[in-house]
Amino acid sequence: QFRSWMHTPEALAKHHITYNAKFLGSTEVDQPKGTEVVRDAVRKLKFQRHIKKSEGLKIPKVELQISIYGVKILDPKTKDVQHNCQLHRISFCADDKTDKRIFTFICKDLESNKHLCYVFDSEKCAEEITLTIGQAFDLAYRKFLESGGKDVETRKQIGSLQKRIQELESENSELKKQLHNLEEQLMISQVSPAGGVSVKAPPTDIFDMVPFSPGAVLTPVPANNGTSTAQLLARPAKSNAGKDLFGAEPFDPFICGASEFPPDIQSTLDEMQEGFKMGLTLEGTVFSLEPLDDRS
């Protein structure tokens, strides 16, 4: 410790120290530390700032919250966290001796695993902010020694676990969507619970009716529109032989025996049959219903 610190240990350990500054931005660097490394980064971001200023864009103001856990960069109005630079990822911190308003630090990015140099502009507090970050480092290192290194390692593990939890939650959400889609497809396919085979509906006409067939028995089944229609079940061919639509024997007066009708009806039928035979003979047909010797 090269000088007395500006803040109490409790202020940085239990709370945080707040500063306001202008944020020039961040840029990737190829080394985790070094004066020349940050000098090149400052030069690059200053040049970009001049270009934006010529375009009428102002340098955004930010709020810095410094503690033994890291440096948070927030929007001063909404308090939304723009960057959370954990202290164990910060590898270098310095203020610019040629420009007393500029200070910077290098932090390893959690997502890309690249080293980024953050550059700020503070008209009066550049050196003070740098010393406050240095004090946070000193307190964090002392706490690390007292805990035997377990505290910092625990925070690293917690950070890794939190990231893994987010990944698993995202995967779980995607699997739920896929499961929901499969359930919808299963309901549409109308799979029977017993055999798992789809019930094929009988073909219907334009009125959603099953076509009628005289040789079939109708049994009600659910139609495509949810109403009840009829399913055709074919009768055995043997049972339909010699019967009409209603299951009765067809009527033929010429092949019925005399005993099948009452006397008066039988007599009328005989007269009709005799007249029919005479009419065929008179017209000169080549066939007859009775032998020729019975015509005399």
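The side chain of His7 makes a polar contact with the side chain of Thr132 at 3.1 Å, a polar contact being a pair of N or O atoms within 3.5 Å in which, within protein, one atom must be able to donate a hydrogen and the other to accept it, and in which residues adjacent in sequence count only if both atoms are side-chain atoms. The side chain of His7 also makes a polar contact with the side chain of Tyr19, again given as 3.1 Å. This is a predicted model, in which local features need pLDDT of at least 70 and side-chain atom pairs count only at pLDDT 80 or more, while totals for chains, interfaces and linings use all residues. Residues are numbered from 1 along each chain as its sequence is written, and side-chain values use heavy atoms, with hydrogens and water left out.

**Buried positions**

- His7 is placed in the segment before helix 1 (9-13), where helices (H or I, at least four residues) and strands (E, at least two) are DSSP runs numbered from the N terminus.
- With a relative accessible area of 17%, His7 is buried, a word that stands for under 20% relative accessible area, whereas exposed stands for over 50% and partly exposed for values in between (1.4 Å probe, protein chains only).
- Leu64, found in strand 2, counts as buried because its relative accessibility is 1%.
- Leu64 and Ala21 are 43 residues apart in sequence, and their C-alpha atoms are 7.5 Å apart in space.

**Salt bridges**

- Side chains of opposite charge can pair when their charged atoms come close.
- A search of the whole structure finds nine salt bridges, each defined as a side-chain nitrogen of Lys or Arg within 4 Å of a carboxyl oxygen of Asp or Glu.
- Arg39 forms a salt bridge with Glu36, in which the closest N and O atoms are 3.1 Å apart.
- Arg39 and Glu36 are separated by about one helical turn because they are three residues apart in helix 2 (residues 35-54).
- Arg39 is partly exposed at 40% relative accessibility, and Glu36 is partly exposed with a relative accessible area of 49%.
- Arg142 and Asp138 meet through their side chains in a salt bridge of 2.9 Å, N to O, and both lie in helix 3 (residues 126-146), four residues apart, which is about one turn of the helix.
- Of this pair, Arg142 counts as partly exposed at 43% relative accessibility, whereas Asp138 is buried with a relative accessible area of 18%.
- The side chains of Glu63 and Lys79 meet in a salt bridge of 2.5 Å, N to O.
- That pair links distant parts of the chain, with Glu63 in strand 2 (residues 61-67) and Lys79 in the loop between strand 3 (70-74) and strand 4 (81-86), 16 residues apart.
- Glu63 is buried, with a relative accessible area of 7%, whereas Lys79 is partly exposed, with a relative accessible area of 42%.
- A network of salt bridges links Arg49, Arg101 and Asp121.

**Surface patches**

- Lys22, Lys53, Lys58, Lys61 and Lys77 form a positive surface patch, and patches are made of residues with over 30% relative accessible area and no salt bridge, like charges being joined within 9 Å and nonpolar side chains (Val, Leu, Ile, Met, Phe, Trp, Tyr) within 5 Å.
- For charges, Lys and Arg count as positive and Asp and Glu as negative, while His and the chain ends are not counted, and the place of a charge is taken as NZ of Lys, CZ of Arg, CG of Asp or CD of Glu.
- Lys22, a member of the positive patch, lies in strand 1 (residues 17-29) and counts as partly exposed at 35% relative accessibility.
- Tyr141, Phe144 and Leu145 make a nonpolar surface patch of about 310 Å², with accessible areas coming from the Shrake-Rupley method with a 1.4 Å probe and, for residues, only the protein chains shown counting as cover.
- Phe144 has its place in helix 3 and is partly exposed, with a relative accessible area of 30%.

**Positive phi values**

- Most residues other than glycine have a negative phi.
- Lys79 has a phi near 65 degrees, a positive value in a residue other than glycine, and the place of Lys79 is in the loop between strand 3 and strand 4.
- Asn113 likewise has a positive phi near 65 degrees, and Asn113 is placed in the loop between strand 6 (102-108) and strand 7 (115-121).
- Asn113 is partly exposed, with a relative accessible area of 48%.
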